[in-house]
Amino acid sequence: MNQHTRFNLPLCLKVEEDAFSHAEEIVTEYLPGIKGQKSLVISEQFLIDLYSEKIRDIQRDFYDAELYTMGNAEYDEAVVIAKRICMEDIKIVIGIGGGRVLDTAKYAAFISKAVFICLPTTLSNDSLASPFAVLGTVNQNRKTLPCKIPTAIIVDTDLILNAPIAQTLSGIGDTLAKYTALYDWRLSAAAAGTPIDDFADGIASLSFDSVFHCDEKNLKSKSFIRILSRALVMGGLAMEIADSTRPCSGSEHLFCHAIEEYYPQLKISHGVGVALGSIGACVFQGRDESRLMEVMLEYGIDMNPMSYGITKDIFFDLWRKAPETRPNRVTILNSTKPDRAWLDEIYDRMCETAHEKSQ
Ligand SMILES: [Zn+2]
């Protein structure tokens, strides 16, 4: 296969104030052919209530688009939406929301071959530009399904500034977790005797660097929102180029999957879950975790596992179950089996460091 036709890139990425009010203009500048085509806006109830006026304006601008109110981010629902898109000859799907809405809309657009326009309302993880959708299947199980990268990504800084800070912290955690994800990816490629894609590696590393070395730590500043938006999109591009989630997802993600699958009652965001996971992963990888931990704390991520109800027993159980969540994924956990004493020590150190910094 020709290496250079292997991947898709979004036609546009705009990060602007009040961008949603001229989303149609932005998109048609790149894709004039979609003008007047039948469109569907997908969002969820609380966002429709919160941003009723903005969403109504977007419906009007996109040729009187209908509005679909999403329930759960489930595979079955994405298929129902895709059927409607096909039956009603809808050509444009506009997802307005966080990861759940965007993944459902992205997958529905992918299987129905509609153009997907991504309008994130939060910067909570790198799924906003990734060629994958994580959807619920049966019980608590969620599956990562390959699909297509969005055609257009438009970030309205007004909405991001209005989103809860916890969402932005999640996006920061997901980006900083690339430190251990990239290491695990290189490790697994070496084990398989295959080279990794240098460009995917480089882009994911840049995404990490832009947040890790960022002097602007004011999460409510426009310049930071621009940096984080780009970092998350770059993570998505790295996955697209690598044709895998691996540049952005290693053993720290397995730790977070274990939380989602075995302890769904714990209240912790995806990005913070992987941030906590990356500290353990970093130690297992034989690398110094102190600076990574410091930067996470500087941004204001609470790195104390106790704050989320993760006790020492749960911490041990999460790391024990982590490899089972994606059995085919080679990470540091294939060669390093952390025992209870080691995990207790990491747990204590995380609690202490988080506590010291909060003083
Ligand atoms: Zn992630």
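## A first look at the packing

Let's start with helix 10 (residues 222–242): helix 10 lies across strand 1 and strand 8, running at about 160° to strand 1. This is a predicted model, in which local features need pLDDT of at least 70 and side-chain atom pairs count only at pLDDT 80 or more, while totals for chains, interfaces and linings use all residues. Residues are numbered from 1 along each chain as its sequence is written.

A few terms first. Helices (H or I, at least four residues) and strands (E, at least two) are DSSP runs, numbered from the N terminus. Axes are lines fitted to C-alpha atoms, for helices over the stretch in contact, and angles run from 0 to 180 degrees between N-to-C directions. Being in contact means that the C-beta atoms of two residues, placed from the backbone, lie within 7 Å.

What order do the six strands of the open sheet take? They go 1-8-5-4-2-3, and the pairing is parallel. Two strands pair if DSSP finds at least two bridges between them. At the edges sit strand 1 and strand 3 (66–70), each of which pairs on one side only. Ignoring direction, neighbouring strands here are turned by 15° against each other on average.

Now zoom in on one pair. Strand 4 (residues 92–97) and strand 5 (residues 115–120) run parallel and are joined by six bridges. In this pair, I96 stands opposite L119 of strand 5. Helix 5 (residues 99–112) lies across both of these strands, and also across strand 2 (39–44) and strand 3, running at about 170° to strand 4.

**Two domains**

The protein splits into domain 1 (3–162) and domain 2 (165–357), with bounds that come from an automatic or database domain assignment. Their C-alpha centres lie 26 Å apart. Where the two touch, 26 residues of domain 1 are in contact with 27 residues of domain 2. On the domain 1 side, the elements giving two or more residues are strand 1 (12–16), strand 7 (142–146), strand 8 (152–156) and helix 6 (157–162). Helix 6 supplies the largest share, three residues. By class, that side has 14 nonpolar, ten polar and two charged residues. For these classes, Ala, Val, Leu, Ile, Met, Phe, Trp, Tyr, Cys and Pro count as nonpolar, Asp, Glu, Lys and Arg as charged, and the others, Gly among them, as polar.

**Helix against helix**

Two packed helices are described by the angle between their axes and the distance between the axes.

| Helix pair | Crossing angle | Axis distance |
|---|---|---|
| Helix 11 (251–262) and helix 12 (270–284) | roughly 130° | within 7 Å |
| Helix 14 (312–325) and helix 15 (340–357) | about 120° | 10 Å |
| Helix 8 (178–192) and helix 11 | roughly 115° | within 7 Å |

Angles under 35 degrees count as roughly parallel, over 145 as roughly antiparallel, 65 to 115 as roughly perpendicular and the rest as oblique. Helix 11 and helix 12 are therefore oblique to each other. The crossing of these two is right-handed; a crossing gets that label if the near helix is turned clockwise from the far one by less than a right angle, and left-handed if anticlockwise. Among the residues making this contact are F255, C256 and I259 of helix 11 and G273, V274 and G277 of helix 12. By class, the contact has five nonpolar, seven polar and one charged residues.

Helix 14 and helix 15 are oblique too, and their crossing is right-handed. K312, F315, F316 and W319 of helix 14 meet R340, L343, D344 and Y347 of helix 15. That contact has five nonpolar, no polar and three charged residues.

And how are helix 8 and helix 11 set, roughly parallel or roughly perpendicular? They are roughly perpendicular to each other. T180, A181 and D184 of helix 8 meet S251, E252 and H253 of helix 11, giving one nonpolar, three polar and two charged residues.
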